[in-house]
Amino acid sequence: MPYAITNRCIQCDNCLPQCPQGAIKLMEGEYWIDPILCNDCQGYSIPQCIVSCPVNSPVPYQAKKGRCKSDARITPSAKLFADSKSHPFASSIIIWELCNVLAQRQSLLWESNTAGELYYQRQINSGKGTIAVQITDSIEQEAPIALKGTEALSAIAAFDIRSACMHLIYAAHATNLDQPWQEEFIISDRQIEEYLGLEKRKDLSKSAKLALIKELAQQPCKLIASINIPPQRKIKGVFLEKSRLWHLLEIQHHFQADELGCKHLIGLTFKIKAGKWAQYFLNRQACKERTAFYQYGNLPKPLLSAIMSIWQQHEGAARMMLWLLFKTKMGREQRITIPTLMKVAYGEQKLSQVALLPEHRQRLLRIFESDLEVLNHYGLKPLFDPVTYPLEIQPLWTKLIDIPEDAEAALEFWIDDASNGNRLTDAAPRGKWNRLMNARILYFEMPSQWQKQLTKSKKKRTSHRKTKLKPQIALSRENILESRKKLGLSQRDLAQLTGKSQSWIRDIENGRFQAKLEDLMLLRKALGMN
């Protein structure tokens with residue numbers, strides 16, 4: 001049972017150095033025991049705070065029940081996600097790399113420099129520039145010191161993938177400021193709970209939630225970067241050495257005392273400021289003058305709650321989801337190779353090891369296909385390349401999606417499947433691993449609620465062109481279904497003719513979503529309607 005310090009405390013400082021867990025802290029001029037760290041001095045016959053206290057101030061901690069009224073707090077910055085869907089966020093290459101470090105951690109290739117400091121480096125702009133990320137254990141020093149050797153490795157292992165969500169929240173707040181490298185923003189624990197969906201977690205006590213929020217909020221601030229990008233036309237070069245990405249200026253702890261005088265932590269407030277990188281990559285005025293960049297994207301709120309839900313059981317899927325946020329620019333078509341996705345999800349080193357051990361390939365394949373199914377469940381539907389990733393090597397769940405819900409239609413489906421040469425229940429073909437190493441995914445379809453927000457500006461730019469083309473290629477789902485049946489084509493046949501998946505054809509015919517202009521042109525050509 002943890003202990004708490006009552007108002008009988010005379011601040012003699014006897015207990016502070018005696019605590020073996022470092023749970024006793026001096027905050028706002030008063031002593032407080034963190035119940036998350038306090039373990040009742042296991043290994044000792046009597047808690048050391050009781051032994052050293054002359055006035056018997058420590059008492060067994062009793063967590064407060066019910067809702068806790070808060071004292072006066074600093075007003076936080078405006079809430080994000082005003083529409084409950086998405087919010088702009090800084091999406092420059094440096095933000096992407098920091099997100100990758102927080103998500104992939106030990107899976108990255110870390111190296112040591114001549115001083116013994118551990119770093120992860122990536123070349124950008126076709127090798128003309130570099131970004132090197134290092135770890136520091138301090139969040140307060142103006143000139144941070146990079147960690148070395150085993151100390152750095154331990155710090156990397158302690159990172160939580162959920163801190164990448166906090167990093168993205170910081171990047172979203174930065175876009176609300178005109179000069180984020182000079183201005184600061186304030187976030188409260190209540191806002192963070194809402195953004196991450198922690199308010200729905202009934203299994204966590206208030207103190208456990210606050211401890212988790214505090215840890216996640218600090219981790220992005222422990223990364224420092226050295227950026228070396230040469231000049232580009234009017235834009236000056238970027239040369240930063242061991243610069244913090246995020247400055248955690250202050251953490252305010254909000255307490256409330258009970259009838260015994262024990263102080264309970266009931267809230268946190270964080271004061272954050274972006275680092276010098278924002279002057280080069282999030283500078284709205286300089287971007288108008290073409291002397292700097294202003295790079296931003298849209299951060300869907302469901303992405304944060306999805307990461308918080310799957311991070312433990314499906315960490316590979318969470319890593320891919322965070323990577324795709326930047327890679328695909330949420331909806332732009334990208335041909336992504338399967339080895340690239342696997343390196344993102346499980347690390348280059350693990351993929352190399354599995355490639356040399358055939359007995360482990362099947363297990364990694366099952367994990368990868370399960371992670372793809374998780375992405376599909378959250379609306380990130382992979383569209384497989386029919387040439388390099390044909391149906392026979394696709395995951396089983398993609399084939400089961402095509403089973404009709406109607407009983408008679410399902411029976412007909414299984415009868416047709418039994419008459420085919422390749423059946424759904426057949427074992428995977430030999431050499432599937434080698435074929436996957438050459439396979440690719442054309443792109444990931446995004447959830448409709450994300451896509452509407454993210455393509456809003458694109459629609460404005462192409463509205464005139466669409467009004468001219470739309471009458472020529474307009475095609476209803478009834479037209480597609482009728483034309484396909486007249487030609488005697490199955491959904492699978494039409495999918496092969498258009499280079500799409502069978503589930504995509506089925507969704508189009510069921511009216512679940514509308515095809516893009518270029519896809520409508522493919523359908524008209526395949527159905528002979530040009």
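This is a predicted model: local features need pLDDT of at least 70, side-chain atom pairs count only at pLDDT 80 or more; totals for chains, interfaces and linings use all residues.
Trainee: Are H2 and H10 roughly parallel or roughly antiparallel to each other?

Mentor: Helix H2 (residues 93-104) packs with H10 at an angle of about 180 degrees, the axes lying 10 Å apart. Angles over 145 degrees count as roughly antiparallel, and H2 and H10 are therefore roughly antiparallel.

Trainee: Which residues of H10 make the contact with H2?

Mentor: On the H2 side, the contact is made by Ile95, Trp96, Cys99, Asn100, Ala103 and Gln104. The residues of this contact divide into 7 nonpolar, 2 polar and 3 charged. From H10, the contributors are Glu315, Arg319, Leu322, Trp323, Phe326 and Lys327.

Trainee: At roughly what angle do the axes of H10 and H11 cross?

Mentor: Helix H10 (residues 315-327) and helix H11 (residues 338-346) have axes that come within 7 Å, crossing at roughly 115 degrees. That angle makes H10 roughly perpendicular to H11. H10 passes H11 in a right-handed crossing, and the angle asked for is roughly 115 degrees.

Trainee: How many residues in the contact of H10 with H11 are nonpolar?

Mentor: Gly316, Arg319, Met320 and Trp323 in H10 meet Thr340, Leu341, Val344, Ala345 and Tyr346 in H11. Among the residues of this contact, 1 is charged and 2 are polar, while the nonpolar ones number 6.

Conventions:
Residues are numbered from 1 along each chain as its sequence is written. Side-chain values use heavy atoms; hydrogens and water are left out. Axes are lines fitted to C-alpha atoms, for helices over the stretch in contact, and angles run from 0 to 180 degrees between N-to-C directions. Helices (H or I, at least four residues) and strands (E, at least two) are DSSP runs, numbered from the N terminus. Angles under 35 degrees count as roughly parallel, over 145 as roughly antiparallel, 65 to 115 as roughly perpendicular and the rest as oblique. A crossing is left-handed if the near helix is turned anticlockwise from the far one by less than a right angle, and right-handed if clockwise. Contact means heavy atoms within 4.5 Å. Ala, Val, Leu, Ile, Met, Phe, Trp, Tyr, Cys and Pro count as nonpolar, Asp, Glu, Lys and Arg as charged, and the others, Gly among them, as polar.
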